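Dear colleague,

I am handing over the structure we spoke about, and below it you will find my notes on what was found. Please read them with the coordinates open beside you.

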Amino acid sequence: MSTVLIVEDSVTQREMITDLLKASGLTVTHASDGVEALEAIQTACPDLVVLDIVMPRMNGYEVCRRLKSNPKTQNLPVVICSSKGEEVDRYWGIKQGADAYIAKPFQPTELVGTVKQLLRG
């Protein structure tokens, strides 16, 4: 069973994404900001990361950059899931190394489908 790390500072959003992914048969872990996410990934590397952009201490772009520049985590799939839905935000997210970019509010099938597709490789 695949493990997904959800990095999201909003408890409501985190719980909603958790419920969606658990319902589709995935194991879910959490971090509430970028610093906590990097610590969690070093302790137990997940199979995929769902990453918000706007968070305290370290934003999602920086987390993504750090993951993609580290040889140990460079192949870890990252899905940015953010309320920043402009084309420039999407462009910047992909430029940081994200494997997919989903704007909030999103369709549950879009998130689950994207996660499953990336986990299949």
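Predicted model: local features only at pLDDT ≥ 70, side-chain atom pairs only at ≥ 80, totals over all residues.

Between which strand and which helix is the loop in which aspartate 52 is found? The loop in question runs between strand S3 (48–51) and helix H3 (60–69).

**The annotated aspartate and its surroundings**

In an unreviewed entry, UniProt lists Asp52 under "modified residue: 4-aspartylphosphate", and it lists residues 3–119 under "domain: Response regulatory", again in an unreviewed entry. Over residues 3–119, the span is 46% helix and 20% strand, and its end C-alpha atoms lie 10 Å apart.

Aspartate 52 has a relative accessible area of 5%, and because buried means under 20%, aspartate 52 is buried. If its neighbours within four places in sequence are left aside, aspartate 52 is in contact with Val7, Glu8 and Asp9, with Gly60, with Cys81 and Ser82, and with Lys104.

Proline 105 itself lies in the loop between strand S5 (100–103) and H5.

The loop between S3 and H3 also holds arginine 57, which has a positive phi of about 65 degrees although it is not a glycine.

**Two helix pairs**

Helix H1 (residues 11–23) and helix H5 (residues 108–120) pack with their axes 10 Å apart, at an angle of about 60 degrees. That angle makes H1 oblique to H5, and the crossing of the two helices is right-handed. On the H1 side the contact is made by Ile17, Leu20 and Leu21, and on the H5 side by Pro108, Leu111, Val112 and Val115. Sorted by class, the residues of this contact of H1 with H5 are seven nonpolar, no polar and no charged.

The axes of helix H2 (residues 34–43) and H3 come within 9 Å and cross at roughly 25 degrees. Because angles under 35 degrees count as roughly parallel, H2 is roughly parallel to H3, and H2 passes H3 in a right-handed crossing. Gly34, Leu38 and Ile41 of H2 make this contact with Val63, Arg66 and Leu67 of H3. By class, the contact of H2 with H3 has four nonpolar residues, one polar and one charged.

Threonine 18 has its place in helix H1 and is buried, its relative accessible area being 7%. Beyond its neighbours within four places in sequence, threonine 18 is in contact with Ile6, Val28 and His30.

Leucine 26 is found in the loop between H1 and strand S2 (27–31). Is leucine 26 buried or exposed? At 8% relative accessibility, leucine 26 counts as buried. With its neighbours within four places in sequence set aside, the contacts of leucine 26 are Met1, Ser2, Val4, Leu21, Val115 and Leu119. Two of these residues, Leu21 of H1 and Val115 of H5, also take part in the contact of those helices. For a sense of distance, leucine 26 and glutamine 42 are 16 residues apart in sequence and 20 Å apart in space, C-alpha to C-alpha.

Threonine 27 has its place in strand S2 and, at 32% relative accessibility, counts as partly exposed. Apart from its neighbours within four places in sequence, threonine 27 is in contact with Met1, Ser2, Thr3 and Val4. The C-alpha atoms of threonine 27 and arginine 120 are separated by 15 Å, the two residues being 93 residues apart along the chain.

Terms used: Residues numbered from 1 in each chain as written. Heavy atoms only, no water. UniProt positions renumbered as here; feature names shortened; annotations may be inferred. Helix = DSSP H or I, 4+ residues; strand = E, 2+ residues; numbered from the N terminus. Axes fitted to C-alpha atoms, helices over the stretch in contact; angles between N-to-C directions. Parallel < 35°, antiparallel > 145°, perpendicular 65-115°, else oblique. Left-handed = near helix turned anticlockwise from the far one by under 90°. Contact = heavy atoms within 4.5 Å. Nonpolar A, V, L, I, M, F, W, Y, C, P; charged D, E, K, R; others polar. Buried < 20%, exposed > 50% of the residue type's maximum accessible area, 1.4 Å probe, protein only.
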